[in-house]
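Biologist: I have a model open on my screen. Can you show me how to read its features, one at a time?

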Amino acid sequence: MSPLSSPARRTLLRATAAASAGLALPATVAAPAFARSGRPHARWGVQSGAVTGSSGLVWTRSDRPARMLVETSATDSFRRVRRWRGPLLGPGSDFTGTTALRGLPPGERIHYRVTLADPDDPRRTGEPVYGTFRTAETRRRRGVRFLWSGDIAGQGWGINPDIGGMRAYEEMRRLDPDFFLCSGDSIYADGVIEPRVTLPDGRVWRNVTTEEKAKVAESLAEFRGNFRYNLLDANVRRFNARVPTVAQWDDHEVRNNWYPGQILDDPRYREKDVDVLARRALRAFGEYTPTGSPTGPGRGGRMHRVVRRGPLLDVFVLDMRSYRNANSPGRQADDTQGILGAEQLAWLKRELARSRAVWKVLAADMPLGLVVPDGATDIEAIAQGDPGAPLGRELQIADLLRFIKHRGITGTLWLTADVHYTSAQHYAPERAAFQDFAPFWEFVSGPLAAGGFPANALDATFGPRRVFVRAPERANVSPMESPQYFGEVDIDGDSGELTVRLRAEGGVVLFRQVLSPGRVGQ
């Protein structure tokens, strides 16, 4: 049974035709229609998220005011269903909404269909849109398998119908993972999408374009439009209908390299206060991702949280953006705020110590030992290029790594995206300036639908060794010139072994690493 209704397919055909003709999409596609006649349609598909062993969230967006209705079933025949009355979708949430499904069986595939009803005439309904997800296991016998990546519609590379759109999403869907971890930069709110881009070899990249992607996002409507843009891609919608997402943010959900309190010196922006932009971006993020809060993923809009996937896996979703100090050269000898903030660091230590999962994935939106610059002198991530003792934001990471070692916390590894290439780093104290930690791995993947970039330099403070890397030799290589990347984590239910595969678009496994359970570090 198709996860998309025919209205959604017609929307994509309109988008493809517009792009092929070099035209922007009309406003009627980008914004809801307030027609009194007709039936409401979920043209943007469905999504699921916040999936546990007994619950989950289902998301959709209407093209007009509508009541969201959800039916679930153990089979795709829907012969026996449970019915869930969802929210009224209106302009306050940009016609988006989620319905919480509770009392679900653990470790089972849940089939659902979403129907939108006219709030004034419940008999007038749109065509159902179908989706499915698997609830988390409460026992370890089946194992856990998930994918991760990030960096979507960046550097001017949007939806190109000539190459089939964002093709990596279809490859990921066919792998049928339990969930997808989106490691940040799920949109590029500061990235303009032009109709045509000429490549170095003379070929032309053609983009689907919309009004909201013609300038940097400043208003709430423009941030919302950036999230809608990705949903124009049929690959994305099919993937969303099949695979639940765990979403976190990084910088491009707001603008490049932002930090709290920043005042912009950028002529593209009329609104110079980044805190204002971030509030609007967070609201749009919460509206367009099924995370459980209208303003963001957690209570009070808090991004950091633990996603528990049964006895084998806890995912610690970090927020390296909202609590950080200002970007600087990073050479401070004392830095209690760091990149996580004191409160989030205390939360992370507490939750790591409480976790009884075999594996504890630290989902970071930025890498640890890779030097990520911000301009000529400042540092955007953690490492600042000084190979000696920890300084600046490294002090906070040193504190965390020391805590993990001394508390005997086993099975930790780090996953991230951000740098637009794929790599594997092993960190070991015998190679490090700071040595009070247990060895661990960090795996990098992405971009999923953006430009590729050369590999970043390593900082020796925590002793990283680059075991594998695949990166282009020049900056901003288009998806027509270089494959897109995503990673796979596969935990065996019997042995508890965790296998990481770094994958490239085209079905290629570039690198494979097997980790054994029960060790402090690896």
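Modeller: We will go through helix packing, a pocket and some backbone details. Keep in mind that this is a predicted model.

Biologist: Let's start with helices. At what angle do α7 and α8 pack?

Modeller: About 15°, with the axes 11 Å apart. Helix α7 covers residues 342-354, and helix α8 covers residues 394-406. Angles under 35 degrees count as roughly parallel. So α7 and α8 are roughly parallel to each other. Their crossing is right-handed.

Biologist: Which residues of α7 and α8 meet?

Modeller: From α7, take Ala342, Leu345, Leu348, Lys349, Leu352 and Ala353. Their partners in α8 are Gln396, Asp399, Leu400, Phe403 and Ile404. By class, this contact has eight nonpolar residues, one polar and two charged.

Biologist: Now the other pair. How far apart are the axes of α4 and α6?

Modeller: They are 8 Å apart, and the packing angle is about 40°. Helix α4 spans residues 220-231; helix α6 spans residues 274-288. That angle makes α4 and α6 oblique to each other, which is why we do not call them parallel. The crossing of α4 and α6 is right-handed. On the α4 side, the contact includes Phe223, Arg224, Phe227 and Arg228. On the α6 side, Arg280, Arg283, Phe285 and Glu287 are among the residues involved. The contact of α4 with α6 holds nine nonpolar residues, five charged and no polar ones.

Biologist: On to empty space. How is it found?

Modeller: Rolling a probe the size of a water molecule over the atoms shows where empty space is left. Here, the largest pocket has a volume of about 360 Å³.

Biologist: Which residues lie nearest the centre of the largest pocket?

Modeller: His252, Asn256, Asn257, Asp418 and His420. In total, 19 residues line the largest pocket. The lining divides into seven nonpolar, seven polar and five charged residues.

Biologist: Last topic: the backbone. What should I look for?

Modeller: Most residues other than glycine have a negative phi, and most peptide bonds are trans. Look for exceptions. Alanine 50 is not a glycine, yet its phi is positive, about 50°. Alanine 50 sits in the loop between β1 (46-49) and β2 (55-61).

Biologist: And where is a cis peptide bond?

Modeller: Between glycine 446 and proline 447, with omega about 5°. Proline 447 belongs to the loop between β21 (440-444) and β22 (464-470).

How values were computed: Residues are numbered from 1 along each chain as its sequence is written. This is a predicted model: local features need pLDDT of at least 70, side-chain atom pairs count only at pLDDT 80 or more; totals for chains, interfaces and linings use all residues. Side-chain values use heavy atoms; hydrogens and water are left out. Axes are lines fitted to C-alpha atoms, for helices over the stretch in contact, and angles run from 0 to 180 degrees between N-to-C directions. Helices (H or I, at least four residues) and strands (E, at least two) are DSSP runs, numbered from the N terminus. Angles under 35 degrees count as roughly parallel, over 145 as roughly antiparallel, 65 to 115 as roughly perpendicular and the rest as oblique. A crossing is left-handed if the near helix is turned anticlockwise from the far one by less than a right angle, and right-handed if clockwise. Contact means heavy atoms within 4.5 Å. Ala, Val, Leu, Ile, Met, Phe, Trp, Tyr, Cys and Pro count as nonpolar, Asp, Glu, Lys and Arg as charged, and the others, Gly among them, as polar. On a 1 Å grid over the protein atoms alone, a cavity is a set of points where a 1.4 Å probe fits but cannot get out, and a pocket is an open set with protein on both sides within 12 Å along at least five of seven lines; lining residues have an atom within 4 Å of a point. Grid points are joined across faces, edges and corners, and a volume is the space filled by probe spheres set on the points.
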